[in-house]
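Trainee: I have not looked at this one before. Can we go through it together?
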Amino acid sequence: MKKYSYVGKGVPRIDAFEKITGTAQFTTDLKLPGMLYTKLVKSPHPHARILKIDTSEAEKVPGVRAILTGEDAPYKLGIYICDKEPLARGKVRYVGEAVVAVAADTEEIAEQAVELIKVEYDELPAIFDQREALKPDAPLVHEELGKYRRAPFIFPQPSTNIANHFKIRKGDVEKGFAEADVIVENEFNQPQIHHVQMETHSCIGQWLPNGQINVWTSAQSPFAVRDLLSIALDIPRNKIDVTVPYVGGGFGGKAGIHWEPLVVLLSRKAGGRPVKLVMTREEQFNTVAVRQGLYARVKTGVKRDGRITAQELEYLWDSGAYADYAVNVGRASGYSCTGPYEIPNVKCDSLTVYTNHPYGTAYRGFGHPEFHWATERQMDLVAREIGMDPLEFRLKNAALPGCITATGEKLAEDAGRVDECIKAVTKEIGWGKKSKKGKKPRGKGIAALWKAPAMPSFTSSSAIAKLNEDGTVILSIGLTEIGQGTPTAFAQMVAEELQIPIEKVKVVNRRETDYSPYSWQTVASRGTPMDGNAVLRAVEDLKRQVKATAAQLLGMPENALTIADGRVFVAREPERGLSLSQVATCGILPDGRGIRGPILGYGYYTAEGLTNLDPETGQGLPALVWTFGAQGAEVEVDPETGEVRVLKVVTALDLGKALNPLLVKGQIYGGTVQALGQALMEEFIFDEKGRLLNNNLTDYKIPRAPDIPDKFVPIMIENPQRNCPYGARGIGEQVTMSVQPAVANAIYDAIGVDIYDLPMTREKVWKAFMKKGGR
């Protein structure tokens, strides 16, 4: 195994100083000359026609500079379906939807003006359950669904509430069920939840009189913001500059486009002054995009020997009022629907459904934690039905190299090993051995996982590596740092390839579309395999230029030269060489003439081997790379109260290569705690009118310090993949994916009760125990 100087080492984050000392500037911190501040009038109804908006009194308030209604902003927005506008126009579709926006000299003035605006509504029947929304007589959330612009791989059904219907058809499901000895069918539910980023959504827009649009935003994907803004407003991309400074958390909720068009339009109406919008925490819950809910039905046919013969899956996603990323979540969960198992006969219908809830978007894992809740609970329930150990059952059906996925892809030999992950977790958790006796019952549970980046087949990334006059290097990337540690890992790669101290590598943390190299989006755990490859190619291009210049100066062929320790030299005569600073801007011949020029390495990477999927069968190649893993949990349950205490969580990931084990551990720790929130406490609670009752961090529960497990055990399995940098796969989302079913399976092991609906609150666990016959 090759030894590395920097790759594979636990290098501390290179952006830690700025974040710890508070010198890192976030969008919320920015203040521009003449800046105005925005407040919103929001809908009190889940579904209603807008009859009249009276802004006359608000217009009289001193300091009010612009008021915008939906009629002033008839622009369609959306990354996959253009079904949304900057402000509600014609009707509102969820409680909290923005109806009117005010820009004023101060937030207080804007708030005062908002209170004076009167809106008249005519209430319409509302729908809050995706299953009810599918009925023929259900109220339509979008009457003009068939007219919206959409991506070619998204399939809305006009005159229904179906925003997308994704299908998988592999083999013959009915034949597979006929061959089964046992058929097990179950239903599982998850509610809408929130990302709860530390920094709420915030953005600044300025539309100058000369037509130039400047945006500063807390977003994951500056190029997506520019692209979607350009399409919506019909403005050339060279007239739009999007800057993303430090971002205080994304988790998918800041992907795509959100509030940027609104502040840009307000700026135009205010004569070109910059306009800022910062969501309050309550608005972050009520008005901003959330994670969609899921109803899942799973029917599994199995032989007595444990071989699965068929599986039928129905995923119904509660997209809320708009499609946003939810339609692609439904697609991605559809082609991954079986989990990491080879099943010969599969039928899956994954439907993204409009309701009058807040609208859904991407969330860490892109639908995979949600459907793994269903499939990994089902694996335990089926194993129990046939009297087989859940470990043996998983290994018997595991998707290994050479197996065929639900889309017809044959897994490559270097695709990763879910069986090794499962075995590592069960060994560490002491599978088959009774838990240590405590005052309360204890149990153990396991669950497996897989995920590939969810993205179009033609996405690309690029990077630029610039050699400075003193031999230091500046790396520019388009990928946004949202906490995953990308700048540090990429700095390690540059230092490794050039064999220079990592302190001599700077990764630009600011992303600006006018200057930064292009990257599709910061989503889907695609950064390591895609942007990482672009970085390696940029450094290779830089090295080629260094050698070309040095070869002329040293009178040697390029292939005889080596770069290390800040020098380029003859491999067989190390003393014969030049410092990198001597070739950075040009080479200087003995007579003073200059040759070549400044060294700037460029690299790109475009997804390879992917295809579109057949709209009727889902067959095709959607996956650049699969990341496999498994997680295990040990819990202690108090039957008297239903309280679940997670004692230990084990996570094993086949990540190909741990570029930075310290960062990997951080991802696992943070992702595990986030997943435990989904498992035990997080949920949106609505009243019968669709009003969110827990729209703050007092009532919406997230894990606190006492909820953190006593022990985390990260296990890094390294089966490298050829098309990834150093063989490394992405893992940012995978760390959250199967904690929930592992905890549920452990609860059954402890007290013998099954939970089918998340979150597994104290009340829910207690009621299940009492129903089982507990005292």
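Trainee: Is Tyr94 buried or exposed?
Mentor: This is a predicted model. Tyr94 has a relative accessible area of 1%, under the 20% cut-off, so Tyr94 counts as buried.
Trainee: And what is the relative accessible area of Tyr359?
Mentor: Tyr359 comes out at 2%, and is buried.
Trainee: What do Tyr94 and Tyr359 form?
Mentor: An aromatic pair, edge-to-face, with 6.1 Å centre to centre and 65 degrees between the planes. Tyr94 is in the loop between strand 4 and strand 5, Tyr359 in the loop between strand 16 and strand 17, and 265 residues separate them.
Trainee: How many aromatic pairs does the whole structure have?
Mentor: The search finds 19. One of them joins Tyr80 and Tyr325: the planes meet at 85 degrees, over the 60 needed, so this pair is edge-to-face, with ring centres 5.7 Å apart.
Trainee: Which residues are in the cluster with those two?
Mentor: Phe153 and Phe366 are linked with Tyr80 and Tyr325 through ring pairs.
Trainee: Changing topic. What is the strand order in the open sheet of 4 strands?
Mentor: The order is 18-29-30-31, and the pairing is mixed. Strand 18 and strand 31 are the edge strands.
Trainee: How many bridges join strand 30 to strand 31?
Mentor: There are 7, and the two strands run parallel. Ala652 is opposite Ile715 of strand 31.
Trainee: Which strands does helix 16 lie across?
Mentor: Strand 18, strand 29 and strand 30, at about 155 degrees to strand 18.
Trainee: Last one: where does the charged end of Arg384 sit?
Mentor: Over the ring of Tyr748, 3.3 Å from its centre.

Note on methods. Residues are numbered from 1 along each chain as its sequence is written. This is a predicted model: local features need pLDDT of at least 70, side-chain atom pairs count only at pLDDT 80 or more; totals for chains, interfaces and linings use all residues. Side-chain values use heavy atoms; hydrogens and water are left out. Two strands pair if DSSP finds at least two bridges between them. Contact means heavy atoms within 4.5 Å. Axes are lines fitted to C-alpha atoms, for helices over the stretch in contact, and angles run from 0 to 180 degrees between N-to-C directions. Rings of Phe, Tyr and Trp (its six-membered ring) pair if their centres lie within 6.5 Å; planes under 30 degrees apart count as stacked, over 60 as edge-to-face and the rest as tilted. Buried means under 20% relative accessible area, exposed over 50%, partly exposed in between (1.4 Å probe, protein chains only). A charge sits over a ring if NZ of Lys or CZ of Arg is within 6 Å of the ring centre and within 35 degrees of the ring normal.
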